[in-house]
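Hi,

Here is the structure I promised to pass on. Have a look at it first, and then read my notes below.

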Amino acid sequence: MAIPQTPALETKFAAADLSGIDGEGVFSGYASLFGTADLSGDLVMPGAFRRSLANRSAGGIRMLYQHDPAEPIGVWMEIREDPRGLFVRGRLMPDVARGREVASLMRAGALDGLSIGFKTVKARADRTAGIRKLIEIDLWEISVVTFPMQPDARVSTVKTTGLAARMRRAARSLHPIRTTR
């Protein structure tokens, strides 16, 4: 009797088009874009994440740094499909050193990619176009990465309201406002 083999976990990179990261480490964006083939020739189809998200929800998907299972950096608060792709909203953990580093790098614009770690459930090869259409994906994790596979999706805005307020308070303490009599 043959023993069925478990399919290998795949990793795909997709840059984040994040709407921002605030002073508490909350950010949002797209971990995967529909209708855009990545650099390896995979094209995620609308609905590909539906079953996986219904089974796992955001709390069951891990947020990692560079796909390293030893480097969890936060939690996903929301993951959903919309017409553009896989929208995500997450929070970097300030009590985790790497989480603080990632937040700082995102604010500086030095780190802006997201990447999905998944197992392909159903795919169809389009040999004419040289792509593989991913019809159903079992999503395991989404990582913040340096080099994403979908290069056009990037961090768009970085909110630093918490940081800006702290900097203004620090500046006032160094240079108190002088009043005239």
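In what order do the elements of the protein chain run from the N terminus on? The order is β-β-β-β-α-β-β-β-α-β-β-α, which comes to three helices and nine strands. Helices (H or I, at least four residues) and strands (E, at least two) are DSSP runs, numbered from the N terminus.

Before you dig in: this is a predicted model, where local features need pLDDT of at least 70 and side-chain atom pairs count only at pLDDT 80 or more, while totals for chains, interfaces and linings use all residues. Residues are numbered from 1 along each chain as its sequence is written, and side-chain values use heavy atoms, with hydrogens and water left out.

Of the 181 residues, 41% count as buried (under 20% relative accessible area; exposed is over 50%, partly exposed in between, with a 1.4 Å probe and protein chains only).

Now the inside. Beyond its neighbours within four places in sequence, Phe49 is in contact (heavy atoms within 4.5 Å) with residues including Phe34, Leu86 and Leu139.

One more spot to check is Gln66, in the loop between β5 and β6. Gln66 is partly exposed, at 29% relative accessible area. Its C-alpha atom is 5.7 Å from that of Ser143, 77 residues apart along the chain.

Cheers
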